Amino acid sequence: MRTLTFVVGTGRSGSTALSGIVNAHPDVLSLNELLSSVQSRGFPEGLLGGGEFWRLLADPNPLFERMIRSGVPMPEFVYTRRPGRFATETTGIPALSLMVLPHLTDDPDGLFDELEKQVCRWPDRTAARHYTALFGLLCARFGRTAVVERSGYSTERVPLLRRAFPQARFVHLFRNGPDCALSMSRHTGYRLILLMREIAARTGVERPGDLTEDQIRSLPPELSELLAERFDSALVLDRDLPLTRFGALWSELIARGVDHLSAVPAPMRTTLAYEDLLDEPRKELTRLADFIGVEPFPQWLDAGSARLDGSRRGASLRLPAAELTALRERCVPGTRALTGQ
């Protein structure tokens, strides 16, 4: 492994398409949504044996399992569209299998078994060193030299990633605020994020898993029922969530992300605007390849350009004028953070 790069951003910014483009490069190992899969529990303190580390990767993500069980899976859950031997209702779907492994191979179950045999034998070391070894193992397995991890809703993880991987590079991928907020409002994951943030604000806890029974009982039913192992999908899909709340979420994530990334040495960070990628795909993909440390092959640039869908641009312009004005106002803090004003 020559380089390690994290593509971070709010999500809903063309990031899934970018993962597909990066994955098509013959020298890049594209780790799609690895951080989203393991989340903060994937980086415990202290030393871990190989078996303990494997459990971080193999144990199902509780929130994602509840979403699948309740009929509100995210479109990013690749495994559920091409199911193998794992299922939420029986075995649970390993965190690594839901989005990461199906992105790399048509046989995610086979790769899961292959990795398990090796990782479980690894010696004690920190989680960060285990991940570095995992990246190296996968690079050797697929004949790649550079690693790119890309997860949505990931700007908050920049400080953690800097501590764990001091030599890592960062790409901040972002999109026009109103368009991004509108996309968030139509996505089950971001609708649930807003509702979980409302639960946290009402109870003062950082994570829903920290809630006491008394705190759960203090919540209105439309929120407390979301914490059950199975909930009514209408609580997420039909709840009235104003667009302005998603605009405020976009601004908050962008502003905090810009602040976190400002602490990264300038040579180790860059930005990538989704609109620039649509306007000049070959130029922007060439710049991205140079930053990652791989060759911008002409065939790859052609294929990458063809994958980009310009029809997603300007979706917010079709909103009623008053709604668009209110949404733009909520996106002003994030836009100012991006432009340095």
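**Figure 1. Phe64 and Phe77, both buried, in the predicted model**. The model shown here and in the following views is predicted. Phe64 belongs to helix H4 (residues 62-69), whereas Phe77 is placed in the loop between H4 and helix H5 (78-81), so their pairing ties together parts that are 13 residues apart in sequence. The two residues form a tilted aromatic pair, with 5.0 Å centre to centre and 55° between the planes.

Figure 2. Because Phe53 is part of helix H3 (residues 50-58) and Tyr131 is part of helix H9 (residues 127-142), the pair ties together parts that are 78 residues apart in sequence. Phe53 has 0% relative accessibility and therefore counts as buried. Tyr131, with 2% relative accessibility, likewise counts as buried.

**Figure 3. A cluster of aromatic residues linked by ring pairs**. The members of the cluster are Phe6, Phe43, Phe53, Trp122, Tyr131, Phe135, Phe165 and Phe170. Phe6, on one side of strand E1, is buried. Trp122 is also the site of a contact with a charged residue: Arg125 lies over the face of the Trp122 ring, at 4.9 Å from the ring centre.

**Figure 4. Arg141 over the face of Phe142**. The distance from Arg141 to the ring centre of Phe142 is 4.8 Å.

**Figure 5. Strand E1 and the covering of its two faces**. Strand E1 comprises residues 3-9, and seven of its seven residues are buried. In a regular strand, side chains alternate between the two faces of the sheet. On one side of E1 are Thr3, Thr5, Val7 and Gly9, and on the other are Leu4, Phe6 and Val8; the residues of both sets are all buried.

**Figure 6. Pairing of strand E1 with strands E5 and E6**. E1 pairs with strand E5 (residues 146-150) in the parallel sense, over five bridges. Within this pairing, Val7 has Arg150 of E5 as its bridge partner. E1 also pairs with strand E6 (residues 169-174) in the parallel sense, again over five bridges. Here Gly9 stands opposite Leu173 of E6. Both Val7 and Gly9 are buried and lie on one side of E1.

How values were computed
Residues are numbered from 1 along each chain as its sequence is written. This is a predicted model: local features need pLDDT of at least 70, side-chain atom pairs count only at pLDDT 80 or more; totals for chains, interfaces and linings use all residues. Side-chain values use heavy atoms; hydrogens and water are left out. Buried means under 20% relative accessible area, exposed over 50%, partly exposed in between (1.4 Å probe, protein chains only). Helices (H or I, at least four residues) and strands (E, at least two) are DSSP runs, numbered from the N terminus. Two strands pair if DSSP finds at least two bridges between them. Rings of Phe, Tyr and Trp (its six-membered ring) pair if their centres lie within 6.5 Å; planes under 30 degrees apart count as stacked, over 60 as edge-to-face and the rest as tilted. A charge sits over a ring if NZ of Lys or CZ of Arg is within 6 Å of the ring centre and within 35 degrees of the ring normal.
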